Amino acid sequence: MLAQLATFAWETPVVDLHAIAPEIIVVITLCVVLLVDAFTGDDARWTSSSIAGIGLLIAFIPIVTLAMDGSERVMFGGAYVVDDFALILKSLFLLSAYVIVLLSTNYVAAGDYWEGEYYQLLLGSVLGMIVMASARDLVTMFVALEMLSIPAYMLASWRKRDAKSNEAGLKYYLMGVFASAILLYGMSLLYGLTGSTLLSAIGEVINASPTTQPIITLAIVFVIIGFAFKVSAVPFHSWAPDTYEGSPTPITSFFAVATKAAGFVALLQLVFIGFYGREDVYGPVIWVLAVLTMTVGNLLALRQTNVVRVLAYSGIAQAGYILAPLAVAGVSGAVGVASLQAIVIYLLIYASMNLGAFAVVITVARKTRSAEISSFGGLFSYAPGLTVAMTLFLLALAGVPPAAGWFGKLEIFSSLVSANNFAGYSLALFVAVNSVIAFAYYGRLMRVMWMDEAPDSDRTPIKVPASLGFAVVISAVFTIAIGVFPALLTRFTESVTLLGLGG
Amino acid sequence: MNDFLNDWGLSLAVFLPLVGAAVMAVVPKANESLHKVIALVTSLAVAGVGIALFAGFDYSAGGLQFLVDKQWIPVINSRYIVGMDGISLPMIALTMLVVPLCIVYSWNHFPEPKNPKAFLILILILETGMIGTFVAQDLILFFVFFEVVLLPMYFMIGVWGGEKRQYASMKFFLFTLFGSALMIVSFLALYFLSDQVMVDGKMMHSFSMILLPELAQGISIGAALWIFGGMFMGFGIKVPIFPFHSWLPDAHTQAPTVGSVILAAVLLKLGTYGFIRIALPILPEAAQRWAPFIGLLAVIGIIYGALCCLAQSDMKRLIAFSSVSHMGFVMLGISTLTDIGINAAVFGMVAHGLITGLLFFVAGSAKERFHTLDISRLGGLLKQAPHMGWILGLATMASLGLPGLAGFWGEFPAILAAYSPGAGLSEALFRVYMVVAALGTVLAASYLLWMYQRVAFGTPKAEFADDPNIKDVNFTEWLAWTPILVLIVVLGVFPNLIFKVTDPAITLTMRAFGV
């Protein structure tokens, strides 16, 4: 052992500062928020959110320059890769985090919560996510996962004096730790099998073994289950509705959009780089997860009376749609590329439509102090703009053109059908039937907003703070623009690929 | 001018209503008369564009005209292809006629809860969706427009509808959404299973309805039958074909008058149009195998709809069920897979649009005056409002297929076509369908005349006898109804006005069947 260490020559890794500039900027922003918060009084609390928001936007600049540069940058012996896949997802994380900062500004300031700490934790979590998008190594992935999760546990219980918020945090924490344990066990099996933590090396060994060794199956299933918790796939979803309901609503949207996307990013990297040749193992597992997730999520959503819970369960169902193409990804290279791009496209569209929906819910809740569906009654009569925006987001979630969701669904359908096998067609049918079930609850919310009377005939208009209004507008513009001109989005996702697909 | 029409004419017709809607969106809600004017001017401008297009249309050619083909979603090679031929032209004309009439009709009678701004914006969005569906020549583009139509109608029924509006609107939406989900899956299956074409130096699959009839020839009959089945659900629910019709009576009964009119006049036609435009030419072999089954459902629909009519006590519900019956004739015409049958179907679509549209207009006006459409409480319309009674009479006669009025030319040739169905179809079977369908016309005469008798003849019932609210046809009603009345008579006397337009295009379509 010692002799080994002695012969181990230390090489300074080459650090490409341009490639990790977004991460560095987020770290700097975090430090600035921390320092400003530490050295200013109560009257300057509002600066935290501004600094966080501006920092996130600045971090987006190097992503643009990296994308224009176009070359793939590999660091740390292949453990950290900045390619088109990483860039597009990093922009997803940064931009959705920016929108979440917009959503938080008034919520956190009005709620008498700790402001500086809130944004520090948020930025820490975002940092974990953008690291995750580049992580191509089990250890880096795990570090990224914990970096994004641990602040999230605290953010979930941010409303300290509310029992529901405490419940949310605790549930999320226990389930998260449990998932991490399973994941780690799976990862240790993978490492034991292959002798490497690099996904590409793992892929080579696993794909080369001709038969299904039980241990490979076990390892793959455990790793998938570990991330199934993060993306709240059924039957590992039980934490999600309670956590979503109890957390501060901006944080709920953060979980529903960014955290979930991070889980999917990890799954995509594992499947497309690590396990790509073992379709016989992950295919059926994900098929079952996808069918269960979309069906159970939708059926439970039908019974909810609280908008945030509806969105939580709808998010579970949506996760099922997003999982579906992964089940057929291994059929052939072309289908793999189609599946990967379909998932990336859906994640981006899902982020815009879901954030928009949450923005409206937060805005309306400022007046009604409630998130019950009935509190949305008659919204059309006193806030027609918000109603139209919410309708747009709900239609997008339901997949009705011309709101963006239809294109995401089309891409999912198209990747499933392109597999041209039983698994693909059956999943397409499940997605189709589920889309109809889902409309029952999206439509119910629309119906309440448009057709019901306002509760207590209270028709005082809603004051929309600038930051919330801005969040609604950018989500809406994105949702409608992508819906009408999907090419705006596909020109960035066209080149997305991962190693197992020859990328 | 002609160049402009060729490149922009159809797109202008599709998107002009949206421009109007956008202008209205920024005008304050309180300024109601301005909203009405903007909506009317927009719809008239669209009709003007339409007239220019129809004037420049070459009626002797069968193919698509004013064709525009632009890149839209390059990844999946879905393109913005729009074009118009003899099959879509009557449908577009019908849409462009009905929308302004609806706006005129609603001028002073907006249903509760009023809000003309939102109501008229919805009508204009609806117009974009409807015209777009009729001109789209790319499956994905078609799908998008097909869906755009759903929403305004959902809100129109749900917000401005009758007492059970929420139930009806939800049922309408879920039924159609289910159909379109299956439809899009079949479109995608078609896309992946058909041959590829060269696009910008790359071999890609195509969604183009122009190319697909050729590209889809290699699809095995097994797969084709499934794909046709998916389309059948999508289009069939919209028509609606017999077992999927149950959303229609609810939607019609609960919808506001204008909603019912648009629903009957144009929306139902989207389904039959889909069969003629997409399902038949692209999958002719599967169509042949499905045809006996479609024919069967069509005649069941004819008889079932008619029997339901006989049992209705509500006038609007009766007209709704008569739609099921009439659309059965259209589907029977299509299922014969003959030139004459499909010509009859297109004529039937126009005729049904005009006649049933008018019936719903009259029913809506009657409801406004009597506050009920319960047939047993009505009576003596000819005495109280003679003009309205006569108009209802004419629409009834047209609806039951009296020769000399438009309805006849939709039903009679369809029955005739069933006598000798297209190649490969069982003659005996279709002759049975023919006999059953002919019986359907008798039933149609009985339920319509019986309804007319109870509503229009006799003396007014005591509760309405001295009601000062019951006045004869007013100015806006005349304005909205006259064009329809004229067309019903003119098309009844000169059916060639339509057959001449449709025949070249249909002959071209029927080449897929080796005719």
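A residue is termed buried if 20 or more other C-beta atoms lie within 10 Å of its own, exposed if 12 or fewer do, and partly exposed in between, with C-beta atoms placed from the backbone.

**Basis of the model**

This is a predicted model, in which local features need pLDDT of at least 70 and side-chain atom pairs count only at pLDDT 80 or more, while totals for chains, interfaces and linings use all residues. Residues are numbered from 1 along each chain as its sequence is written, and chains are lettered from A in the order in which they are written.

**Positive phi angles**

Asn77(B), although not a glycine, has a positive phi of about 55 degrees. Asn77(B) lies in the loop between strands S1 (65-73) and S2 (78-84) of chain B; strands (E, at least two residues) and helices (H or I, at least four) are DSSP runs numbered from the N terminus. Asn77(B) counts as buried because it has 22 C-beta neighbours inside 10 Å.

Arg369(A), also not a glycine, has a positive phi of about 55 degrees. The loop between helices H14 (333-368) and H15 (379-382) of chain A holds Arg369(A), which counts as exposed because it has 8 C-beta neighbours inside 10 Å.

**Cis peptide bonds**

In chain A, Val234(A) and Pro235(A) are joined by a cis peptide bond with omega of about 5 degrees. Pro235(A) is in the loop between helices H9 (214-230) and H10 (239-246) of chain A.

In chain B, a cis peptide bond links Val239(B) to Pro240(B), with omega of about -10 degrees. Pro240(B) sits in the loop between helices H9 (221-238) and H10 (247-254) of chain B.
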